[in-house]
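This report describes the aromatic side chains of a predicted model.

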Amino acid sequence: MGIFADVKIYESDDTGEIGRLRYAFSESRFGEVLTACDNLGLCFAGFVCGGGRDDALADMKARFPAARFEEDASAVVDVFGVVGALHIAGTPFRRRVWRTLLEVRRGERLSYSQLAAAAGVPRAVRAVASAVAANPISVAIPCHRVVRNDGTIGNYHWGAGLKRLLLEAEAH
């Protein structure tokens, strides 16, 4: 499975199945990152942007409304390096799209239409775009590799500028 062939992937139908999340902030060459893990693996990875840590925490907590949160330095995960296990929680459709994204290799780009076709739902481009936007594990599930059909960068939860930097770094 792409670069994550050796990564164990756990799946849940609902974020409510995630009880306790340990989280931590760390620095990366692209800025500060917030990661969170449960007992199965990495559940969340996001960037700290304009709103600072408080906004990053609020974003994470909104994605896992039933979870209990505990700051814990052991929750630091290098989403640009080796990830031991992922725990992806979402609808079956979203998980299907996210698993398909895991197949996209570093340096590759694909359009939303191409992603929909690869996920086996070629007529569901808008729903695929919605699933990409809801991706809870930035970089490890490489939603930044999805571009508009015309090849332009498009949107990114943490800003188009950061998406551009990620894509440029992967191109080398």
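Phe80, with a relative accessibility of 31%, counts as partly exposed.

## Aromatic pairs

Five aromatic pairs are counted in the model. In one of them, the ring centres of Phe30 and Phe80 are 5.2 Å apart and the planes meet at 35°, so the pair is classed as tilted. An angle under 30 degrees would be needed for a stacked pair and one over 60 for an edge-to-face pair.

Phe30 is located in the loop between strand S2 (20-28) and strand S3 (31-37), while Phe80 belongs to the loop between strand S5 (68-71) and strand S6 (85-89); the pair therefore ties together parts that are 50 residues apart in sequence.

Tyr156 and Trp158 have ring centres 5.5 Å apart and planes at 65°, so this pair is edge-to-face. Both of these residues, Tyr156 and Trp158, are buried.

## The aromatic cluster

One aromatic cluster is formed by Phe30, Phe47, Phe80, Tyr156 and Trp158.

## Charges over rings

Lys8 places its charged end over the ring of Tyr10, at 5.3 Å from the ring centre. Arg53 lies over the face of Phe25, 4.2 Å from the centre of that ring.

How values were computed: Residues are numbered from 1 along each chain as its sequence is written. This is a predicted model: local features need pLDDT of at least 70, side-chain atom pairs count only at pLDDT 80 or more; totals for chains, interfaces and linings use all residues. Side-chain values use heavy atoms; hydrogens and water are left out. Rings of Phe, Tyr and Trp (its six-membered ring) pair if their centres lie within 6.5 Å; planes under 30 degrees apart count as stacked, over 60 as edge-to-face and the rest as tilted. Helices (H or I, at least four residues) and strands (E, at least two) are DSSP runs, numbered from the N terminus. Buried means under 20% relative accessible area, exposed over 50%, partly exposed in between (1.4 Å probe, protein chains only). A charge sits over a ring if NZ of Lys or CZ of Arg is within 6 Å of the ring centre and within 35 degrees of the ring normal.
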